[in-house]
Every structure is written in C-alpha cells, then in structure tokens.
Amino acid sequence: MSDHRFLRALARQPVDRTPVWIMRQAGRYLPEYRATRARAGSFVNLCKTPELACEVTLQPIARYPLDAAILFSDILTIPDAMGLGLSVEEGAGPRLAKPMRTHADIAALTAPDPEMDLRYVMDAVRLIRRELHDKVPLIGFAGSPWTLACYMIEGQGSASFARAKALALDDPATMHKLLDVVARSVTAYLAAQAAAGAQALMVFDTWGGLLAPDMFGEFSLHYLARIAQSLQSHNAAKSTPLILFSKGANAHLEALADTGCAALGLDWTIALGEARARVGGRVALQGNLDPAVLQATPAVIAAEVEAALADFGAHPGHVFNLGHGVTPDVDPERVKVMVDAVHAAGRRIRGG
Ligand code: 1CP
C-alpha cells in the first residue's frame, strides 16, 4: 500500500491526518501563475508546452503543504484534439471555433489517439512526475462525456447549456453518438495518463447537475459508469483510483458510488456527514468547503474547516477539498489559512 496519505485516503486506509488539495490550485489567484501565463502568451500555449504546464503544476505545491498535485491542463483538450479549435481569452471563458451543430458534424468525429494527438499532455505528465520526485502523487483528469458535449455543442460556457439539452431531447440518438465517441476518447485519454504516470484520475462532470433525474441517468451517469468499467481493462489504469465529481448531482450519490469508482467529489450543497452516511461505506469522499468561505476572515475559515472535518469524523476515506474551484479573486494568504487549518484539525481528529 502507498504511504502517500492522499492515495491511502482514496483507498479508505487509515491516515495520520486528512489529506488536502484544492480544485484549480494552479490558477489565476496566484501571481506566479499569472506571470507564467503571460510568458506563455496564451492559456492554450501554456497547456501545450510541457515545461510551462509542469512549472504551473508545481507552483501551488511549492507554496502550500498540499497532499496532491493536479496536472495543469483543461478538460477541453479532447475537443481541441478532435479539431474543434480551442481558445481561451484573458478574462473570458473557453471558446471552440467549430461547435457541433448537425448530425453530420457529429458523425464525422473520431476519437483522438492520446500519444499522438494529445502527446503534449502525456509529455507534461511524464515531466511532472520526474520533477515531483514522489513528494506528492499526481492527479490526471478529463471532463465527463456530458460536460464535454455541452461545450462541444454550445461552443462556449453557458448557464443552462440549452442547445445541448435540446439536442438530447429532440434527437437522443445523435446525442448518444456524440457521447459514445467522447466516452471512448476520455477512456483512452485517462488510460494514457495513467500509463504516463498519473497516480489518481478524476472526471469532472461539472454540468451533470443541470439534468433532470431521468436525463442524468441516460446522458451522464451511464457514460461515467462505462468509463469506470472500461478503465478496468487497461493495465495501468485498473490499479489507479478514479474520482468522479458530478456537480449538483447529490440526488444521485448512491448511483454514482455504484459505478465502480474509488471516490466521489462533492460540491458544498450537501453535509459531509450526510454524504458519508449514504455512501461512505463504499467509496471515499472528496470535498467540500464552499469556495466562498475563502472570502471570509481567517478565524471563520478555520472554524468552517474544523466543522467540516468534525462532521466527517474519524472514519476512513476523506480527502479535504473545496466544493468547486478556487476563484481568481481569492487572496493566496487565505488559502494558506485553509490548508493550515486542515492540517491542524485533521491531525487532531485522526490522532496523527
Ligand atoms: O489546478 C487545477 O485544478 C488544474 C487545472 C484545470 C482543471 C482541472 C484547469 C485550468 N481547468 C480544469 C478543468 C475544467 N475546465 C473544468 C472542470 C472543473 C470545473 O468545473 O472547474 C471546466 C468546466 C473547464 C472549462 C474551463 N476552462 C473554464 C470554465 C468555463 C465555464 O464554462 O465556467 C475555464 C475558465 C477554462 C480555462 C481555464 N482552465 C484552467 C484555468 C486556470 C483556466 C483559466 C484560464 C486563464 O488563465 O485565463
């Protein structure tokens, strides 16, 4: 068994204190990130230059005593490799130059070969593993088929992704054709990241919670389960823990826990104790402080961390995190307050 407490917690093994990492830990709230991004010229260049992607991956590890690093990349690398043309403008969100609007667009898509078409990601994984010197484990990731389909159809972010939902409702067969090719792409991409050295894998289903219950089952959960099952037939991936994060989908925790994943990511709209009571016997849980807490005073941040850890209790299988990504307006000093509070309270609770 690994002695990294992050991997031990994912396996629901005992740990000396609760491990912690932060979604979007490398990002715009860090001045050193903004400097490297400026040097890269653009976000996409930053992602596509392994040395720079490695540099920003390591920035939060150098600054805070975190228990895991996450590959610096984006979920939209797969649509980009499929030919949709990704750009991310400063201050704006991501944009795909060629959104998928017709059956013919979708029928023409093929799954990228990770070591050919996404070689820069695999090279970044290999370089980061080398530079980390096994200090902390490296997390690889991808977007869920539903969440990627949302961007591929819409061409950009949206509050409702109404076009994607309309396609699912009007022409479910075409939507399934899209989800199928994306699910095959995600599986191959995650398996390749594991083979390149990623020690845990996470799937971000950021927009799963937009779906009504039946649609969630048909268009999101089904493909998450397929990915979890398919990874079992890949040598490096089958022993690599998989974390599923379906934001806004707390109604489906039991079904998500039945997919065969090692852990579920939680957003902040459910109490950790309640989530543990529902599925903590089957999977580890990761989360789930409201990112807005990082705007509060240090004393309040520490109290909120303490309350969350106490709510989960001394049971095995907790990885502390935010319930969604750290926002660009956060003061890096407050992030330090949060991490230090997890260390102190996590040690007290676990007796380490
Ligand atoms: O540190 C880390 O967490 C690793 C880097 C990472 C990850 C895991 C980035 C860097 N993006 C992601 C995943 C990602 N990308 C998700 C899933 C997680 C989530 O819900 O936050 C999503 C939905 C995206 C799409 C995306 N790319 C957005 C959100 C847009 C929207 O619709 O709300 C944005 C802003 C991007 C660009 C991006 N990706 C990453 C960063 C740091 C940025 C900002 C780019 C910049 O420097 O301007």
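**Ground rules.** I number residues from 1 along each chain as its sequence is written, and I leave hydrogens and water out, with side-chain values taken from heavy atoms. Because the model is predicted, I need pLDDT of at least 70 for local features and 80 or more for side-chain atom pairs, while totals for chains, interfaces and linings use all residues.

**Entry 1: the ligand.** I looked up which residues surround the ligand and found 22, where near means that a heavy atom of the residue lies within 4 Å of the molecule. The closest are Arg 24, Tyr 33, Arg 37, Tyr 151 and His 324. By class I have 13 nonpolar, five polar and four charged residues in this shell. Here Ala, Val, Leu, Ile, Met, Phe, Trp, Tyr, Cys and Pro count as nonpolar, Asp, Glu, Lys and Arg as charged, and the others, Gly among them, as polar.

I then checked polar contacts (pairs of N or O atoms within 3.5 Å; within protein, one must be able to donate a hydrogen and the other to accept it, and residues adjacent in sequence count only if both atoms are side-chain atoms). The side chain of Tyr 33 has an N or O atom 2.6 Å from a ligand oxygen. For His 324, a polar side-chain atom lies 2.6 Å from an oxygen atom of the ligand. Ala 26 uses a backbone N or O atom, 3.1 Å from a ligand oxygen. The ligand on its own has 890 Å² of accessible area, and the protein covers 91% of that (Shrake-Rupley method, 1.4 Å probe; for residues, only the protein chains shown count as cover).

**Entry 2: Ser 144 and helix 9.** I placed Ser 144 in the loop between strand 4 (138-143) and helix 9 (145-154); helices (H or I, at least four residues) and strands (E, at least two) are DSSP runs, numbered from the N terminus. Ser 144 counts as buried because its relative accessibility is 0%; buried means under 20%, exposed over 50% and partly exposed in between (1.4 Å probe, protein chains only). A polar side-chain atom of Ser 144 lies 3.0 Å from the backbone nitrogen of Thr 147.

I counted ten of the ten residues of helix 9 as buried, so the helix is largely enclosed by the rest of the structure. Among them are Trp 146, Thr 147 and Tyr 151. Just after helix 9, I noted a positive phi of about 85° at Gly 155.

**Entry 3: Pro 31.** I found Pro 31 in helix 2 (residues 31-40). Its relative accessibility is 37%, so Pro 31 counts as partly exposed.
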